[in-house]
Amino acid sequence: MSKQDSATESKAILIVENASYEYRAVRKKLISRAVRQSALGNASMTISSGDAIGIVGSSGAGKTTFARILSGQLVPSSGVVSYLGTDLQQMSNENELGFRRGVQYVFQNPRASFDPRLKLGDSLLEPLKSLKILGNHQNIIDQTLIKVGLDISMIDRFSHELSGGQLQRMAIARALVVKPKVLIADEPSSSLDVSVRAQILNLFKDLTDDEDMALILIAHDLAAVAYTTKQIVVFSAGGIVEQGSVSEVLVAPKHKATADLIDASIGI
Amino acid sequence: MSKDLLTVKNYSVSSGSISAVRQVDFKVSENEKLGIVGESGAGKSMLGLSLMGLLPFGWESTGSAELAGRELVSMSEKDLVGIRGRDISMVFQDSLSALNPMKKIGKQLEFAFKHAEVSRSESFDEYILTLMHSLKIDDPELSLQKYPHQLSGGQRQRILIGMAVACNPRLIVADEPTTSVDSVIQRDVLDVLISNVSRLGASLVLITHDLAVVSNYCEKIIVMYAGKIVESGPVVSVMGNPKHPYTKALIGSHISLKHIKSGMSKRLPVIPGMMPAIQAIPTGCAFKTRCGSATAACEVQPPNFLVGERTVSCWHIEDQSE
Amino acid sequence: MSIFLFRRFLAFLVAFFLTSILIFVLVRVIGGNPATTLLGEYSTPEAVREIEIQLGLDRPIVIQYFEWIINLCSGDLGTSFRSGLEVNYLLASAIPVSISLSIGALIVAVLIGFPLGIISAVKSYRGSGTALDFFSQIGVAMPIFWSGALLSMFFGVRLGLLPTGGWVGWSENYAQSLRHLVLPSIALGIGIGSVITRFVRTAVVEVMRQDYVRTGRAFGMSEYRALFSIGLRNASLPIVTVLGNIVSHLVGGTVITETLFSMPGLSRMILDNVISRDILVVQNLVMIIVVYILIVNFIVDISYFSLDKRLRVK
Ligand SMILES: Nc1ncnc2c1ncn2[C@@H]1O[C@H](COP(=O)(O)OP(=O)(O)OP(=O)(O)O)[C@@H](O)[C@H]1O
Ligand code: SF4
Ligand SMILES: [Mg+2]
């Protein structure tokens, strides 16, 4: 991912260069005053197909901000994000549709990310329609559900009729139906129970075998990330402080933040 | 063996015909740290709240729970007010909602302190600095003047611990004290909790779904499933050699760096299915729907078999060795 | 704090000018030419012209507006055309009546509203009891003219305990003033009290449901202590924000109550002038009520600010 040789360069999907971000918290009621808070400083990353990158760091380290910049939800205060060679800020409508299809996001809380009034099948159909995906939609949905280990009959249920783990699978399925090039998951398992968490992490681990898709998994739990992904990026105080393969990072951490994370990850 | 502080017998927490905790028995000795683990909905919080007499409306506890010789189950609200904080107190999970947003931290701590009516040689102002020091809060004077939302999650959680220990209780129930903070802060918070418990010579009931927390910080463990205790005993033996299929499965599905470092690509075993809702707990062993060793015998509720120092509620305990 | 005050004050000024323009324009559009209206059936072009000059209505409309505002601000409310008396003079006797009634009603409303609200909250967060809620619904829905009529029929006519209408000035005989105030205050206070009951109830229930109440109790606070030291205190914030709402209930209710009990207050004065078609006086009186409401809202904002200490911490 950080290698500069031309072979990886050609497969690069998403490139972030020197992205910074400041949150502007406006205090209401009293004096309206914009307080600028730097959440991310000069972060760069190249994501190529087949990558499985874990992003770790303590809370407030800038992981989510970075992920939201990657997925186009936030526009960086400075720096450039480009998708398949095009700057997100200068995209044509057509390219933008491609980007929205190509980069999918899975949120921490699956309950909050489904419309409770829709049947799950309709929730899954929605991205296929709005992103104008061709093909037999029903087939695509069925195949994806099988892939994430859900029963096909679940499409007739509502979100409250599923357990947290099932619903998170459904959220992953919804991201996968459009065959994204990059799948970003922000703490997808931390609202889930131990036994269910293992199921979800296994699912992500399976997804890393897909050479056509890049997976970005964000978590504060180093063990969960290390179990699932191939590479690890450590965030601390709004920046990337260390990156490398899982074994490199775990065996010989270079930065104190990494060492702290390893230290904090108490075992049984 | 030290004296028993809390003795719980045939204890249930129910609302009408449904029960969140079903006929549990356990003991907490003086100076002991007991961990309670289990999946979401196993009844851990309801058990903790019921001991405090703070159950949600419509819920009640039955059976017996004796704290230092006093029966909690039939205790009047007036007596409960007298023992809450002083004899038994609680650390709650979500520190932001558990603290009064309109009162300064200092004032909230002061209430807990003043309530104790313990004859103390020191005034609140003297005490508070010692306390803040033991909570590892830098710049105590400034922090005391702050409102909860101005502190970080880890700081707030430590303040809650401070409130729980301010009245010198004999038993502290901590319900998921670290689920809302990240792993680095988790350790600071737990260290502060444990050191304060030891400082007071109190006992601790630590409720969590994280097996690693219990195995690192507690001496005894209770594993709950669908309102029942399925296995309990010393942490070393239960974690080192689990007997109940559910305990085994929980430990198996736990990810830890140690395992990753050793066998990099090994797949985690998972427990199929999910825990039944309390309205639909099957008869017999509640785990039978997910258990690989289930047989016809499991249609009948297994009793708590004694295996050495531990209890195991299963018909098919493979080996009886410790 | 001072910046906050300044901002609120700016908002106050903006609201003042907007409503004054609105009233000014409405009076012209709906009321037509004040001079014609004033003269009614006796209007002849000459008479109208004469009045227009006398009242300054012949000047450009914008000038008229600013003159009106300047006069208002300098306390000159003009002269009642009919009686020839200065409006200020008339107000001096009307305003004490209206204020007495408002304060009386507010006292009744608070005496009813807070205890009932708290009791009903305690019942409801414990999961039982909607009877009180039911009564407060009735109280809100019951029109003042009906409750007022019932009250005066029973206590005034039937028992002969209290006067059913009219007014005696405070300086003449304060005992009599009080007696005259009782029934109207109750009639008006019941409705407002029910509104307060419901606000207090919702606010307290909401607070008592919070986790931090449970925390307080976990460290030995009794349920009642928690109710008073946490519940009511934290509920005071949402309650203060609806005070403005309550004041508009109060102003609206005062008009009806004054009429029903024939009290010579501000609303009676407005009505009298409407009947005598003295539109310019009506315009001034309405503006006084607007200013009153604006001031109350200003005070509500400030008390909200001083109650919510968190807002003050930088
Ligand atoms: N206020 C309540 N009213 C009704 N049922 C409740 C209430 N609180 C908990 N329950 C039910 O009681 C059972 C036990 O819940 P409890 O909160 O004790 O589980 P837990 O083990 O603490 O789970 P978690 O790990 O999610 O905190 C659950 O089935 C839950 O739905
Ligand atoms: S009793 Fe039967 S079903 Fe229950 S845990 Fe033991 S083997 Fe499994
Ligand atoms: Mg719980």
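**Close-up 1. The buried residues of helix H1 in chain B.** In this predicted model, the buried residues of H1(B) are B:Lys44, B:Met46, B:Leu47, B:Gly48, B:Leu49, B:Ser50, B:Leu51 and B:Met52. Buried here means under 20% relative accessible area, exposed over 50%, and partly exposed in between, with a 1.4 Å probe and protein chains only. The helix, residues 44–52, is thus mostly covered, with eight of its nine residues buried. Helices (H or I, at least four residues) and strands (E, at least two) are DSSP runs, numbered from the N terminus. Just after H1(B) comes B:Gly53, with a positive phi of about 70°.

Close-up 2. You will find B:Ser61 in strand S4 (residues 60–67) of chain B. Is B:Ser61 buried or exposed? Its relative accessibility is 17%, so B:Ser61 counts as buried. Leaving aside residues up to four places away in sequence, B:Ser61 touches B:Tyr11, B:Ser12, B:Val13, B:Ser50, B:Leu55 and B:Val73, where contact means heavy atoms within 4.5 Å. One of these, B:Ser50, is also among the buried residues of H1(B).

**Close-up 3. The interface of chains B and A.** Here 39 residues of chain B are in contact with 32 residues of chain A. About 3000 Å² is buried between the two chains, 64% of it from carbon and sulfur atoms. B:Ile255, B:Leu257 and B:Arg267 supply 19% of the area that chain B buries against chain A, more than any other three residues. Buried area is the accessible area (1.4 Å probe) that two parts lose on being put together, summed over both.

**Close-up 4. The shell around ligand 2.** Around ligand 2 there are 13 residues, and the closest are B:Cys285, B:Cys291, B:Cys298, B:Cys314 and B:Trp315. A residue belongs here if one of its heavy atoms lies within 4 Å of the ligand. The shell divides into nine nonpolar, three polar and one charged; Ala, Val, Leu, Ile, Met, Phe, Trp, Tyr, Cys and Pro count as nonpolar, Asp, Glu, Lys and Arg as charged, and the others, Gly among them, as polar.

**Notes on the model.** Residues are numbered from 1 along each chain as its sequence is written, while chains are lettered from A and ligands numbered from 1 in the order in which they are written. Local features need pLDDT of at least 70, side-chain atom pairs count only at pLDDT 80 or more, and totals for chains, interfaces and linings use all residues; side-chain values use heavy atoms, with hydrogens and water left out.
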